[in-house]
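This briefing describes the structure shown below, grouped by topic.

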Amino acid sequence: MSDLAHGVDQVDWSSWVPRDRATLVFVVRHGQVLLIRKKRGLGAGKINGPGGRIDPGETPVECAVREVEEELRVTPVDPRLRGELSFQFLDGYSIHAYVFLARDCIGEPTETDEAIPLWTPVDRIPYDEMWADDRLWVPRLLAGGCFEGRFVFDRDVMVGHQVRDLLEPPRVVAPS
């Protein structure tokens with residue numbers, strides 16, 4: 001067993017409950033994906049898709065649209081759930097993210113106090129400036145696939161991962 005698999009095997013995923021639930025949204029238009037450089041919060045300074053924490057009573061798709069509107073002042077068109085990601089940090093923090101793919105957006109992305117927009121060719125995604133797990137599942141997402149992943153991080157360092165393809169999009173399960 002590799003060290004990367006070992007870290008994930010140390011988590012009892014059957015009883016795992018994340019502290020936070022969140023969304024990530026990747027808008028693709030004309031061979032480019034809309035990314036952001038985060039200006040604050042978890043992952044500040046890194047490049048990622050727009051997204052954020054789900055508010056109480058909000059569905060993941062409602063959160064996905066709201067977060068893109070807040071962070072970039074655009075509305076994603078027809079966001080579709082394509083994946084789920086579970087993150088456990090060694091400091092105790094945990095987060096579960098729903099990943100959406102949208103085929104366009106309404107409006108022109110604008111920098112806000114949360115994010116700087118970056119239209120990036122899909123074949124030149126700057127993985128070296130992103131979370132380490134992104135290179136394991138973003139290509140699946142951009143190819144139209146469905147997936148789920150589990151990751152263990154020690155701060156910014158990924159110490160374990162499992163990613164698998166799904167035949168159909170995951171189902172949203174309400175928190176208990």
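**Helix H2**

At 1.5 Å a residue, the 13 residues of helix H2 (residues 60-72) should span 18 Å, and this agrees with its end C-alpha atoms, which are 18 Å apart. The expected span is 1.5 Å times one less than the number of residues in the helix. Helices (H or I, at least four residues) and strands (E, at least two) are DSSP runs, numbered from the N terminus.

This is a predicted model, in which local features need pLDDT of at least 70, side-chain atom pairs count only at pLDDT 80 or more, and totals for chains, interfaces and linings use all residues. Residues are numbered from 1 along each chain as its sequence is written, and side-chain values use heavy atoms, with hydrogens and water left out.

- The buried residues of H2 are Pro60, Cys63, Ala64, Arg66, Glu67, Val68, Glu71 and Leu72; buried means under 20% relative accessible area, exposed over 50%, and partly exposed in between (1.4 Å probe, protein chains only).
- The cover over these buried residues of H2 includes E1, E2, E4, E5, E7 and strand E9 (115-121).

- In E1, 10 of the 10 residues are buried, so the strand is largely enclosed by the rest of the structure.
- Both faces of E1 are covered: one side carries the buried residues Asp20, Ala22, Leu24, Phe26 and Val28, and the other carries Arg21, Thr23, Val25, Val27 and Arg29, also buried.
- E1 and E7 pair in the parallel sense over 8 bridges, and the bridge partner of Arg21 in E7 is His96. Two strands pair if DSSP finds at least two bridges between them.
- E1 runs antiparallel to strand E4 (residues 51-53), to which 3 bridges join it; Ala22 stands opposite Arg53 in E4.
- E1 and E2 are also antiparallel and joined by 3 bridges, with Val28 opposite Val33 in E2.
- The hairpin of E1 and E2 has 2 residues between the strands, and His30 there takes a positive phi near 50 degrees.

**Thr23 within E1**

- Thr23 is found in strand E1 and is buried, with a relative accessible area of 2%.
- The C-alpha atoms of Thr23 and Gly51 are separated by 5.1 Å, although these residues are 28 residues apart along the chain.
- Leaving aside neighbours within four places in sequence, Thr23 is in contact with Pro50, Gly51, Gly52, Ile54, Pro60, Cys63, Ala64, Glu67, Tyr98 and Phe100, where contact means heavy atoms within 4.5 Å.

**Nonpolar cores**

- The largest nonpolar core has 26 residues, of which Phe26, Leu85, Phe87 and Trp137 touch the most other members. A nonpolar core is a set of buried Ala, Val, Leu, Ile, Met, Phe, Trp, Tyr and Cys residues joined through side-chain atoms within 4.5 Å.
- At least two residues of this core come from each of strand E1 (20-29), strand E2 (32-38), strand E6 (80-89), strand E7 (94-102), helix H3 (134-142) and strand E10 (146-154).
- Apart from this core lies another, of 16 residues, including Leu34, Ile36, Val74 and Cys105.
- Not counting residues up to four places away in sequence, Phe87 touches Trp16, Tyr93, Ser94, Ile95, Ala97, Asp133, Phe151 and Phe153.

**Aromatic pairs and a charge over a ring**

- The structure holds 9 aromatic pairs. Rings of Phe, Tyr and Trp (its six-membered ring) pair if their centres lie within 6.5 Å; planes under 30 degrees apart count as stacked, over 60 as edge-to-face and the rest as tilted.
- One of these pairs, Trp137 and Phe147, is stacked, at 5.5 Å centre to centre with 25 degrees between the planes.
- Trp137 lies in helix H3 and Phe147 in strand E10, so the pair ties together parts that are 10 residues apart in sequence.
- Both Trp137 and Phe147 are buried.
- Phe87, Phe89, Tyr93, Trp131, Phe151 and Phe153 form one aromatic cluster.
- Lys46 lies over the face of Trp131, at 4.9 Å from the ring centre; a charge sits over a ring if NZ of Lys or CZ of Arg is within 6 Å of the ring centre and within 35 degrees of the ring normal.

**Positive phi in loops**

- Most residues other than glycine have a negative phi.
- Asp78, in the loop between strand E5 (75-76) and E6, has a positive phi near 50 degrees and counts as partly exposed at 46% relative accessibility.
- Arg155, in the loop between E10 and strand E11 (157-166), has a positive phi of about 60 degrees and counts as exposed at 70% relative accessibility.
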